[in-house]
Amino acid sequence: MGVGVSGWKLAQAVSRAGQLGVVSGTALDQVLARRLQDGDSDGAMRRGLEAFPFPAMAERVRARYFVAGGKAERAAYLTVPLLAKDMPRELAELCIVSNFVEVFLAREGHGNPVGINYLEKIQAALLPCMYGAMLAGVEYVIMGAGIPLKMPGVLDRYAEHQAAEYPMHVTGALEGDDTTMRFDPAEFMECAVGPLHRPKFLAIVSSNTLATTMVKKANGRVDGLVIEMRTAGGHNAPPRGKLQLSEIGEPIYGERDAIDIPKLCELGVPFWLAGGYGHPDKLREALALGAAGIQVGTAFAFADESGLRPDYKQELMEKVVAGTVSIFTDPLASPTGFPFKVAHLEGTVSEVDVYEERPRICNLGFLREAYRTAAGEIGYRCASEPLSLYVSKGGNPLDTAGRKCICNGLLANVGFPQVLNGNRVEQGIVTAGDDITTIAQFLPPGQTHYSALDVITELEKGLRPLSAEQDERIAVVV
C-alpha cells in the first residue's frame, strides 16, 4: 500500500483498534512536500513539524514547501531533489522530517504500537528516513523488495544516535569503488536527545531460502518475517527459473515458488502470512499453520481512512460489487523488472491509450537503477525514462518495452498528481492484490463503503472458537 495509501490516518485507525497499523515509508519526502504545498488544510503536517525535536530543521522544511491556502490547481509542485547516494542536505532533512511527521501523527492520541514499511530497493532513502521514523518512536520496521541483511545493525546504531552505513547496489561496480552510503545523526542534531527505542525488525520474504538467509546472516536481530505470497498487491517476487507467461501475459509460478511453512516454523522466529489472507478463514488457516498472524493490505487500501483517491475507491468498489473488477500481474510495468499488479480502471495508466499518450519522463526517480559510469562514478537510469537517454547511459533498449512510470502514478493515486506545462496532469496506476474480489465482505448492510474498524471486526471472526463442522473444514484446508 505504498506512497500515501497506508498513511497516518489509516495506520492510526488500525492501531487504535488494537492491531498493528503500518505507515508506508515510500516517497514520504514527496508526500509531505506536496501536502504542504496543497495548504495543509487540517493543519496536521504543521502539527507534526511543531513536534519535531529539531525546530530549525522543521522550520526550513515548512518555509520551503508550505503554501497558505494551497497552490493553484494547475500550478506544478515544487521540484524535490532526486535521491542519490550522496544527497544534498536539503533532501536529507526532508527525508528525516517527513518520516518523523508520518509516524508521529500515526501514534498521536493512543498508546498502541505503530510500524513503518520500506522498500529495500529504494536504498538511497533508507538511512535518513529510518532515523526520522525512530525519532518519532516507531515500534516496528518492516522491509521488503530486497535482502536487507544490514538493516538490523543500522537500527542498533541509531538507538544510540551513532553513525551508520548501508551498502548500495551499483550495477557494474568494481572492487575498490565506494558504494557505501553513510549517515551520521550528529551532523543533523540541534540538541541532545536521549537514546531511541530500537524498533523490532521484520523482513518481507517470498521464499524459504530468503527467510533462512535473513534469520541466520543479518548483522543484527531479526524479530520476525512477513511471508508474502504472489497474490499480494504491488510488486511481486518474480518466478524462480526462466520467465514464462500465461496466455494473457502474466508470469507463471510453479512448485519452486511455493513456501514450505513447516520449515519456516523451524527458524524459531514469528512470521505473518500475506497475500490473499484478508478473510477470517484465512486467519484461522494461518494460525493453524503456526503463523503469528496475517498481514492485510488490499482490504485496508479501500477503507475510508486510506489515502487512495475517493473516486478510485468508489469506481473499483462498484466493479467489485458488479463482479467486473480485474487485476493483471504485469511483468513489464515496473522499471525494477519485478512483476507489478495493476487494477484495470478507466482513465488510469492501466489503459493502453493513457499509457501511450504520456511522454516518457523520469522526474521523481525512486526506482532508478544506480550504475557505474565509464568515468567510474555513480550514475542513475530508469527503464521508464526516454529511450535515447536510457540507452546513452548503457541501458538495454529491450528493458524499456512496456515500462510505466510507477512513481508518478502512485503519487497521483493519493491526490498529488504533478502538472506539467500547466495542462498535462499525471494519471494514477492503482495496484491491489488478487483478493480485491472479496472486499465486499467488509461492507456494512446497505452501505457502499467501509472503515478500517469494519475490516478488523470482520477479520477478528477468525479468532473465535469454531464449531465442530467448521473445525473439520479448516483442517481440510490446512
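Helix 10 (residues 280-288) has a run of buried residues, with Pro280, Leu283, Arg284, Glu285 and Ala286 on the list. Buried here means under 20% relative accessible area, with exposed over 50% and partly exposed in between, using a 1.4 Å probe on protein chains only. Helices (H or I, at least four residues) and strands (E, at least two) are DSSP runs, numbered from the N terminus. Keep in mind that this is a predicted model, where local features need pLDDT of at least 70, side-chain atom pairs count only at pLDDT 80 or more, and totals for chains, interfaces and linings use all residues. Residues are numbered from 1 along each chain as its sequence is written, and side-chain values use heavy atoms, with hydrogens and water left out.

Helix 8 (residues 208-217) does something of the kind over strand 6 (200-205) and strand 7 (224-228), running at about 155° to strand 6. Axes are lines fitted to C-alpha atoms, for helices over the stretch in contact, and angles run from 0 to 180 degrees between N-to-C directions. Contact means heavy atoms within 4.5 Å.

Now for the sheet under those helices. Seven strands make up an open sheet, ordered 1-2-3-6-7-8-9 with parallel pairing. Its edges are strand 1 (21-24) and strand 9 (293-295), each pairing on one side only. From one strand to the next, the twist averages 30°. Two strands pair if DSSP finds at least two bridges between them.

There is also a hairpin, built from strand 12 and strand 13 with five residues between them, and Gly376 in its turn has a positive phi of about 85°. Here are two of the strand pairings side by side.

| Strands | Sense | Bridges |
|---|---|---|
| Strand 8 (residues 271-274) and strand 9 | parallel | three |
| Strand 12 (residues 369-372) and strand 13 (residues 378-381) | antiparallel | four |

Within these pairs, Ala274 has Gln295 in strand 9 as its bridge partner, and Arg372 stands opposite Ile378 in strand 13.

Ile378 turns up again around Lys85, which touches Ala124, Met168, Asp178, Thr179, Thr180, Met181, Arg182, Ile378 and Tyr380, not counting residues up to four places away in sequence. Lys85 sits in the loop between helix 4 (55-65) and helix 5 (89-107), and at 12% relative accessibility it counts as buried. A polar atom of the Lys85 side chain lies 3.5 Å from the backbone oxygen of Thr180. Lys85 and Ala125 are 40 residues apart in sequence, yet their C-alpha atoms are 8.5 Å apart in space.

Helix 5 also packs against helix 2 (residues 28-37), at an angle of about 80° and with the axes 8 Å apart. That makes helix 2 roughly perpendicular to helix 5, where angles under 35 degrees count as roughly parallel, over 145 as roughly antiparallel, 65 to 115 as roughly perpendicular and the rest as oblique. Leu28, Asp29, Leu32, Ala33 and Arg35 in helix 2 meet a helix 5 set of Leu91, Leu94, Cys95, Val97, Ser98, Asn99 and Glu102.

Conventions. Polar contact = N/O pair within 3.5 Å; in protein donor to acceptor, adjacent residues only side chain to side chain.
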